[in-house]
Amino acid sequence: MIDHDAADELLAGYVLGSLTGPDAEEADRLLTEHVPDCLTCRSTLDAFRGVTGELGLVVDPVNPPETLLPRLQRDLNGGGHRSRLRAWSPARIVAGAAAAVVLLGAGGLALTQGGGSGPSGPLTQADLAQVQTMAANPDTQVHDLGGGAREIEPPDREELYVWGTAVPSPRPGFTYRLWAIKGVVATFIGDFVPLDGMVALKVSVDPNTVDRLEVTEEPIGSTPSQPGQPAWTSTG
Amino acid sequence: MAVQDTADDLELHRRLAAGDRGAFDELYRRYAAQAYGLAYRVTGQQMLAQDVVHDAFMALWRAPEAFDARRGSFRTFFLSMVHHRGVDQVRREQRLRARTEKAANLDPVEDEDPADAVAEAGYLSVRRKEVREALTELPAAQRQVLEMAYFDGKTQVQISEELQIPLGTVKTRTLAAMRKLRSLLEEAP
C-alpha cells in the first residue's frame, strides 16, 4: 500500500524540477509504476502541475525580443514536423512525449503518418502498462541509452520502446534525433523532445534488423543525413 | 470573461493541432510575453530565456497533442512547460558556468523599453493578482523554499544546504506550500 503523503512529496518536488539523486529515482519509479494506475496521484500531479503553471503569472510579462517570432516562423517553415513525419522510414514513432499519456491513459500523441504503416492509435494506459510488464520480463532486453532513457526490446515483437521519465531537455535550439543503427548504416527514425522530462516512443521495427537505437542531439530543422555525436553517454 | 478566454485558447489549440499557423501566431501573441518574463526570471539570462520560449513554442507546434484540456487549462500547461524548460536550462548552466547575469527581482529586463508596455488580456491581470495574493498567504518558511525552487531553479538539496535545514524539512515545506496554493487557487473565483 503506497503512502500517498510520501508520494505527494515526490510529486511536488518533481513538478518543480527540484529532485535529484535518490529522490529523482524514486519519483521515476513512482511515475512509471504507480501513477498511471492511481487516480489520486494522477489528480494530484495534474493539480500540482497546474500550480506551477499558475505561478508563472507571478512574474511580470516582458515583451520578448522582436527577433523571436521571425525566428520561430523561420524554423516552422524549415522544420515543421508535419511534413517531416511523412519521410520517416522504415520505422515510425507511434507516440511520443508521454506526459499526457501517462497521466490520463488516453489522448497521448498519435502520430498518424510515416513509414507507410498507416495510422496508429494513441498510446494508451494499457500500452504503458504493457511496456512496464515487458520491461519486467526477464526475456526482455533493456539497454540504458543514457540521459535517463532506456531502450526496451521485448522478445518476439517487431517493436522497440524508448522510455524515460526524467530525460533532460535538449540544448536550446536543438532537438533529439532517434536513429536505428545496423552495422555502419544509420536510419533516421524521427525527432523528439521530452515533455516535462517524459519520453515514450514506440518504434515499429523488427529488432533483428537493428543493432541498436541511438539518440543524437541535432539543430532543430537540420537535415537528418547522418547522426552526429550521441546525445548521452550510456551508463550501461 | 475568463471562461470565454479559456474557450478561445481551446479553439486556438484545436486550430493549431490542425496546422493553422494563424492560431500559432495568436497563441504567441497571447502568451509570449508571459512566457518570456517567466523564462527570464528563472534563467536570469536573456538569451537563455529567448531559447526557452522558442523551444517551448516549437514543442507546442510539433506535439500539440501533449495538451489535454481534461487535465487543466492551456495557460497552465504552457507556462508549466516553459518553467520546466527554464529549470532544465538553469541546471545545464550550473554545470557549465556560474550565471553572470542574474535577475535579482521581478523588475523588467534592463534593456527593455519601459514604454513598450506589454499588451495582455484583462483576465491574465486578474489571475496574476489572485496568484500573487495566494502566494502571500503562505507561511514565510513555506514560501521561501517554494520560491527558491520555482524562481531560482534550486534543487531541494541545494535549498537544504543554503538554508541549513534538513532535507526532510525542505520536502515537507514544499509539499505544504503546493497543497496550500492548490487549495487557494482552486477557491479563487
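Which residue in β3(A) is the bridge partner of A:Ile152? Select A:Tyr161, which is that partner in β3(A), bearing in mind that this is a predicted model, in which local features need pLDDT of at least 70, side-chain atom pairs count only at pLDDT 80 or more, and totals for chains, interfaces and linings use all residues. Residues are numbered from 1 along each chain as its sequence is written, while chains are lettered from A and ligands numbered from 1 in the order in which they are written.

**The strands of chain A**

Helices (H or I, at least four residues) and strands (E, at least two) are DSSP runs, numbered from the N terminus. Five of the six residues of β3 (residues 159–164) of chain A are buried, so this strand is largely enclosed by the rest of the structure. A residue is buried if 20 or more other C-beta atoms, placed from the backbone, lie within 10 Å of its own, exposed if 12 or fewer, and partly exposed in between.

**A:Asp75**

Next, select A:Asp75 in helix α4 (residues 68–79) of chain A, which counts as partly exposed with 19 C-beta neighbours inside 10 Å. Not counting residues up to four places away in sequence, A:Asp75 touches A:Ile220, A:Gly221 and B:Met58, where contact requires C-beta atoms, placed from the backbone, to lie within 7 Å. The C-alpha atom of A:Gly173, 98 residues away along the chain, is separated from that of A:Asp75 by 9.7 Å.

**Between the chains**

Now display the two chains together: 69 residues of chain B are in contact with 56 residues of chain A. On the chain B side, the elements giving two or more residues include α2 (21–43), α3 (46–62) and α5 (122–136), and the largest share, 13 residues, comes from α4(B). By class, this side has 34 nonpolar, 14 polar and 21 charged residues, with Ala, Val, Leu, Ile, Met, Phe, Trp, Tyr, Cys and Pro counted as nonpolar, Asp, Glu, Lys and Arg as charged, and the others, Gly among them, as polar.

**Helix α5 of chain B**

Select α5(B), whose 15 residues reach 22 Å from first C-alpha to last, close to the 21 Å expected at 1.5 Å a residue, that span being 1.5 Å times one less than the number of residues. Colour B:Arg127, B:Val131, B:Ala134 and B:Leu135, which are buried; seen down the axis of α5(B), the buried residues fall within an arc of 100°, so they line one face of the helix, the arc being that of the directions from the helix axis to the C-beta atoms. These buried residues pack against α3 (39–55) of chain A together with α6 and α8 of chain B.

The face turned away from the buried side carries exposed residues, among them B:Ser125, B:Lys129 and B:Glu133.

Finally, select B:Gln164 in the loop between α7 and α8 of chain B, an exposed residue with 6 C-beta neighbours inside 10 Å. B:Gln164 has a positive phi of about 55° although it is not a glycine. Most residues other than glycine have a negative phi.

Technical notes
Two strands pair if DSSP finds at least two bridges between them.
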